[in-house]
Amino acid sequence: MDNSILWLVIYCLVACCGIMIFVWLWANKIKNAGVVDIFWSYNFPVIAIILLLLAPGWETRKMLICCMVIVAGARLGSYILIRTVSHLHEEEGRYQQLRKEWVPDPDRKFFWFFQMQAVSNVLLAIPFFVICLNTSPKISPFEWAGLVLWGISVSGERFADNQLKNFKKNPANKGKVCSEGLWNYSRHPNYFFQWMMWMSYFVFALGSSYGYLAIISPAIILYLLLKVTGIPMTEEQSIRTKGDAFREYQKTTSAFVPWFKKRG
């Protein structure tokens, strides 16, 4: 591995792990591990800024991809921040469940969980490293296509998040399942557009040497969303809190890709 690439990876890893140490200390104090989600999102803009300042690629391309990452990461992180601060001393159900499962020493296990989140930040940033090392002074068709797909994805995720937030604001909807707007066609439209955003980074990276390596990021995100921390944990919590109403929603509504309703 070229020394410049190695040092970029080290700088990003040290920055993300360092941030997560402070986040863990805060989470440990307030007994709310959910704050990790805020800074998992914010760590991508941190990586983008490091690459913008230190990577040897063409400045225009670096500026473009780094602005994309900063906008997307700041938007999602701020959305989660507002949601989490509204119930800062009430930990989300999925983290409460982990806390129970990790007895007798959940705080130590959460420390390593937070560190693994930092490592995942750097691993998922593979497209950004590939793109920011490209010195070609020209924006390719792949990069324009990636930019368009990114715009659609970020807008879709924002719409989905806002629709869910507005639904939850109404006290009359407490305990009910949100099936309005995009949520009528997918049980997790926010996750779908989040994955599409990572696909946009992959498409953008195809304009650079070794861009095919960037497929690792959307592949990991898809696996996590479908099999690990995304849909499975979210739906387990929804069944605990909404019961048969959510089970009926599962029968009629696509889990991931927005699609027409099925018959229950």
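Hi everyone, let's start in a loop: Pro104 sits in the one between H4 and H5. Helices here are DSSP runs of H or I with at least four residues, numbered from the N terminus. Before going on, this is a predicted model, where local features need pLDDT of at least 70 and side-chain atom pairs count only at pLDDT 80 or more, while totals for chains, interfaces and linings use all residues. Residues are numbered from 1 along each chain as its sequence is written, and side-chain values use heavy atoms, with hydrogens and water left out.

What kind of peptide bond joins Val103 and Pro104? A cis one, with omega at about 15°. Lys31 is not a glycine, yet its phi is positive, near 55°. For background, most residues other than glycine have a negative phi, and most peptide bonds are trans.

Two packed helices are described by the angle between their axes and the distance between the axes. The axes are lines fitted to C-alpha atoms, for helices over the stretch in contact, and angles run from 0 to 180 degrees between N-to-C directions. H4, residues 93–101, packs against H5 at about 120°, and their axes are 9 Å apart. That angle makes H4 oblique to H5; under 35 degrees counts as roughly parallel, over 145 as roughly antiparallel, 65 to 115 as roughly perpendicular, and the rest as oblique.

Which residues meet here? From H4 we have Tyr95, Leu98 and Arg99, and from H5 Pro106, Asp107, Phe110 and Phe113. Contact means heavy atoms within 4.5 Å. Sorted by type, the residues of this contact are five nonpolar, no polar and two charged. In that sorting, Ala, Val, Leu, Ile, Met, Phe, Trp, Tyr, Cys and Pro are nonpolar, Asp, Glu, Lys and Arg are charged, and the others, Gly among them, are polar.

Our other pair is H7, residues 141–169, with H8: their axes come within 8 Å and cross at roughly 165°. H7 and H8 are therefore roughly antiparallel to each other. Their contact holds 16 nonpolar, six polar and three charged residues.

Next, the spaces inside. On a 1 Å grid over the protein atoms alone, a cavity is a set of points where a 1.4 Å probe fits but cannot get out; a pocket is an open set with protein on both sides within 12 Å along at least five of seven lines; and lining residues have an atom within 4 Å of a point. Points are joined across faces, edges and corners, and a volume is the space filled by probe spheres set on them.

How many cavities of 30 Å³ or more does the search find? Two, across the whole structure. The largest has a volume of about 90 Å³, and H2, H3 and H8 each give two or more residues to its lining. The second largest cavity, about 40 Å³, is lined by residues including Trp24, Arg99, Asp107 and Phe110.

Last, the second largest pocket, with a volume of about 410 Å³. Its lining has 15 residues, with Ile5, Phe129, Val130, Leu133 and Leu213 nearest the centre. H6 gives the largest share, three residues. By type, the lining has twelve nonpolar residues, three polar and no charged.
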